[in-house]
Amino acid sequence: MFDVLVVGGGPVGACLGALLARAAAGARGLSVAVLEPRPPAPLPADAALEARVVALSRASEHLLRSAGAWQGITGPRLSAYERMRIWHESVAPDSEAVLVFDAADVGEPNLGYLVENRLLQGALLEAFTQAGGRLERAPLGSLEITDECVKVHTPAGELAARLLVGADGAQSAVREHTGLTVETCGYRQTAIVATVATARHHQETAWQRFMRDGTLAFLPLADGTSSIVWSADDDLAAGLLGATASGFAQQLDRASDLALGGTRLVSERASFPLRRLAAQRYVAQRVALVGDAAHVVHPLAGQGVNLGLMDAAALAQLVLAAAAEGEDPGALSVLRAYERWRKSEVAVMSAAIDAFDRLLAHGSGPVARVAQRGLSWVNRSQELRRFFIRRALGMSGELPGAARSGCSSDPHFEPLSADSCACT
Ligand SMILES: Cc1cc2nc3c(=O)[nH]c(=O)nc-3n(C[C@H](O)[C@H](O)[C@H](O)COP(=O)(O)OP(=O)(O)OC[C@H]3O[C@@H](n4cnc5c(N)ncnc54)[C@H](O)[C@@H]3O)c2cc1C
């Protein structure tokens, strides 16, 4: 029987597995397995950068170092971004009213990193197996919860664990089997993701324009191209997906107001229907949900995976602390502490993201106009800008030990357990 079985080896499940397995490689002896039917094939070093990237906060960077995955990510494919320029369509992209966040304002070298999803997931799974974790390449079939353990049936056989973690994404089968309910609503938007070449260099800057029919972001990549995330109202998105490459680029030039000059598509377009999802409970007897299985937020703030990674770190910390005391890692008291910690943090972030979408992207009327003008007010106050930069870096709120700054200021510091990362 395993101590912990994680269903889903996406970035969040793989991170949880790596944190626990690295601690298990020390004195604790926790046994950990990850069930993942589709682990990504390694990316050839000379492969073109993939369009599907995520923005990682500073807190996530610290955590990935703690999980032993940073060395698998860092290198020529990783892009640091130093600035963000955010504006509403009612003003020009070079106007004084554009809100500018600059890492230099808070004495940081950058605001975060952009990394391909596949590279992130692969590096975390590699860290997990390197630390002695067992990777089962199979999907969850069904599960059975008893007082002592959770039994899981897969096409490859039966597994049992004292704690089962659902890290199997927005359509979580674990959530479904456990009867954990969700509140969900569609944004009536589709995110279109693609890589584009631009006439002007992105200057290591993330550019984001709020419009009445959606939000458009240009995320700067290391090879000079940009990954776009265009969250467009469904009707508009259908037209954009059906357009020719040059027709799409023309519409992109209009939507970006040529902030980076003319654009050219250099990848396929991928699309993701957008919805908000919040599990009403994150835990049940011997079961916990993490990442998109527990909550899905709008991609406009680039926070989904960052929130999920903090879930993984919080749960790992509590499970390791329980194991150190000789407690059952699947005890409901441990799981409830995890739920209290993370559910409130996620709710605050999710509400803030929705407010941005409602007021800046879609809003009309007096409140929305005040919010839109608010961007230039924030821009005029160094204190307010610093406040928002610290939030974007993910260094506020109740951070798990493995994500705190002191833990990774030393590049060689890679703690094996939650205790060894008790620095503040
Ligand atoms: C367009 C777009 C842009 C985004 N940009 C950002 C960004 O910049 N920054 C950011 O932080 N977030 C971003 N996000 C959100 C981010 O992609 C997700 O929050 C993140 O992928 C969630 O990770 P996860 O590991 O929880 O789930 P997933 O990535 O969905 O992984 C789930 C894993 O579970 C496995 N699985 C599924 N079913 C089963 C089963 N039955 N049995 C076993 N395994 C199973 C799957 O194979 C998969 O590997 C973006 C999202 C979108 C749509």
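I call a residue near a molecule or strand if its C-beta atom, placed from the backbone, lies within 6 Å of it. This is a predicted model, so to speak for it I note that local features need pLDDT of at least 70, side-chain atom pairs count only at pLDDT 80 or more, and totals for chains, interfaces and linings use all residues. Residues are numbered from 1 along each chain as its sequence is written.

Ligand shell. I find 32 residues around the ligand, and Gly8, Gly10, Gly169, Gly291 and Gly304 come nearest. By class I get 17 nonpolar, eleven polar and four charged (nonpolar: Ala, Val, Leu, Ile, Met, Phe, Trp, Tyr, Cys, Pro; charged: Asp, Glu, Lys, Arg; polar: the others, Gly among them). The largest share, four residues, comes from α8 (helices are DSSP runs of H or I, at least four residues, and strands runs of E, at least two, numbered from the N terminus).

Domains. An automatic or database assignment sets the bounds: domain 1 is 2-84 + 113-189 + 275-359 + 395-421, and domain 2 is 194-274. I see 22 residues of domain 1 in contact with 24 of domain 2 (contact: C-beta atoms, placed from the backbone, within 7 Å). On the domain 1 side of that contact I list 13 nonpolar, three polar and six charged residues.

Val174. Which helix holds Val174? I find Val174 in α5, residues 173-178. Val174 is buried because 26 other C-beta atoms lie within 10 Å (buried: 20 or more; exposed: 12 or fewer; partly exposed: in between; C-beta atoms placed from the backbone). Leu289 is 115 residues away along the chain, yet the two C-alpha atoms are 8.1 Å apart.

Note on methods
Two residues are in contact if their C-beta atoms, placed from the backbone, lie within 7 Å.
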